[in-house]
Amino acid sequence: MPSDHLYPDGFVESLLGLLGEKGVRQGEAVLALDPGAHPQNLRARLMARPSSAAEVARVLELCREARVGVVPQGGRTGLAGGAVTREGQLIVSLDRMNHIQRIDPPARTAVVEAGVTLQRLQEALRPHGLVPGIDLGARGSATIGGMVSTNAGGIDAFRYGTMRERVLGLEVALADGRLLEQLSRVRKDNAGLALRQLFIGAEGTLGIVTRVALALVPDPGAQQALLILTDGLGAAVRVLRAVEATPRLALAAAELMSGNHFTVTARALGLAQLAATAPAAFAVLLVVSGADGQSSLEALLAEASERGELIDGPVLANAPQIARTGPSIASGPAASGTMCPCRSMRSPAISRRSASASAGTIPASISMWSVTSPTATST
Ligand SMILES: Cc1cc2nc3c(=O)[nH]c(=O)nc-3n(C[C@H](O)[C@H](O)[C@H](O)COP(=O)(O)OP(=O)(O)OC[C@H]3O[C@@H](n4cnc5c(N)ncnc54)[C@H](O)[C@@H]3O)c2cc1C
């Protein structure tokens, strides 16, 4: 139970009156939850669990009147500390607002409540041959509302953009208890100001996202994933551009990792054979789709190898289900191990490494760049 003096008189009782026992967690019941990416996420020890947009709005109204600070939380996988709380605040969890309200295959749109996890949406779309056009290692916990609020990127951002490009419309509960409904499902919506854009990447500072209309994309189908090691940024980008320029191939996803980042992550995860690959300036993870993909890729990589742009030759991955579930590496110098999980797990691996490092900081050389903007950090 959080200490009574932390909240104004009658505040917790009003919250219980509004949401019922099921809608409020206190004290130990909060601390028993997984804090997620940051140990301080659950420090407030008082959590509201509204089950509708109207309830979220009423909770915000109550908090405004009582002058209680609010921190919305989805899957608590955010890496920027936006879900961190302190005593006296109220966590507003979207975990009960987890309904997929509409999937419209011809229009390629979906409307979901903010607490739906990315993975649940991906699974619901699969029978329709559609995908959200965004994917993250934290897919099992990260929620659509959290992804909107962090403007999440992920490996598909190279092809489909970040969350900002995936959002067609939003419903948001504002701090004064009003509901802003801009749930357009029209792609070519040029009517007036796109207020919804303000809430994307706002980390919950401007309101609580309650529903999201998303643009979907066709499932690219069978894909090839591969990992290549290069000795320089220029060579890495040249390989990427060559893949893009190959007529029978479509570049579905790409991620550039500094060599030391890749090695540290593989080592921390016990992927011995990956960790033992030749030291490289950069590791490039590529996912491609297209008819005849494997042979086109092999030809392209052979040429890059002849030009001396690859270290130890390409590390090829197996074909189907790769990018989403994690491929086995089928051939090449690192003859086994997993690749995409290595990427997905980089945050825990880096945390582990930094926790054990005497300085307690993440080495500056561990970083990740978007291939479209080699100078920008991305996650
Ligand atoms: C293994 C791993 C891999 C990752 N990979 C990527 C990646 O490739 N790309 C990437 O961009 N990120 C990545 N992340 C970070 C994280 O998954 C994303 O930031 C995700 O969008 C956070 O979603 P969440 O539901 O967990 O949000 P939370 O962590 O719960 O919250 C994140 C922020 O959004 C706010 N918020 C949450 N829900 C709402 C809401 N409904 N309305 C308003 N504000 C809200 C919170 O207050 C907080 O400021 C990764 C994280 C992990 C652990």
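This is a predicted model: local features need pLDDT of at least 70, side-chain atom pairs count only at pLDDT 80 or more; totals for chains, interfaces and linings use all residues.

The protein chain averages a pLDDT of 80, and 79% of the residues score at least 70. Residues 318-350 are another story: their pLDDT is below 50, though the model gives this stretch 85 contacts beyond near neighbours in sequence. Residues 352-379 also stay under 50, with 40 contacts beyond four places in sequence.

## Around the ligand

So what sits around the ligand? The shell holds 35 residues, and the closest are Gly74, Gly82, Gly145, Gly146 and Gly204. Sorted by class, the shell has 19 polar, 14 nonpolar and 2 charged residues.

Three elements, β3 (70-73), α5 (144-150) and β10 (208-215), each supply at least two shell residues. The largest share comes from α5, which gives 5 residues. Because domain 1 (4-93) and domain 2 (100-218) both contribute to the shell, the ligand lies between them.

## A five-stranded sheet

Now for the sheet that includes β10. This open sheet of 5 strands runs in the order β5-β6-β10-β8-β9, with antiparallel pairing. At the edges are β5 (100-104) and β9 (179-182), each pairing on one side only. From one strand to the next, the twist averages 10°.

Zoom in on β6 (residues 109-113), and you'll find 5 bridges joining this strand to β10 in antiparallel fashion. Val112 stands opposite Val212 in β10. Helix α4 (residues 118-125) lies across β5 and β6, at about 40° to β5.

Definitions and conventions:
Residues are numbered from 1 along each chain as its sequence is written. pLDDT is the predictor's confidence in each residue, from 0 to 100. Two residues are in contact if their C-beta atoms, placed from the backbone, lie within 7 Å. A residue is near a molecule or strand if its C-beta atom, placed from the backbone, lies within 6 Å of it. Helices (H or I, at least four residues) and strands (E, at least two) are DSSP runs, numbered from the N terminus. Ala, Val, Leu, Ile, Met, Phe, Trp, Tyr, Cys and Pro count as nonpolar, Asp, Glu, Lys and Arg as charged, and the others, Gly among them, as polar. Domain bounds come from an automatic or database domain assignment. Two strands pair if DSSP finds at least two bridges between them. Axes are lines fitted to C-alpha atoms, for helices over the stretch in contact, and angles run from 0 to 180 degrees between N-to-C directions.
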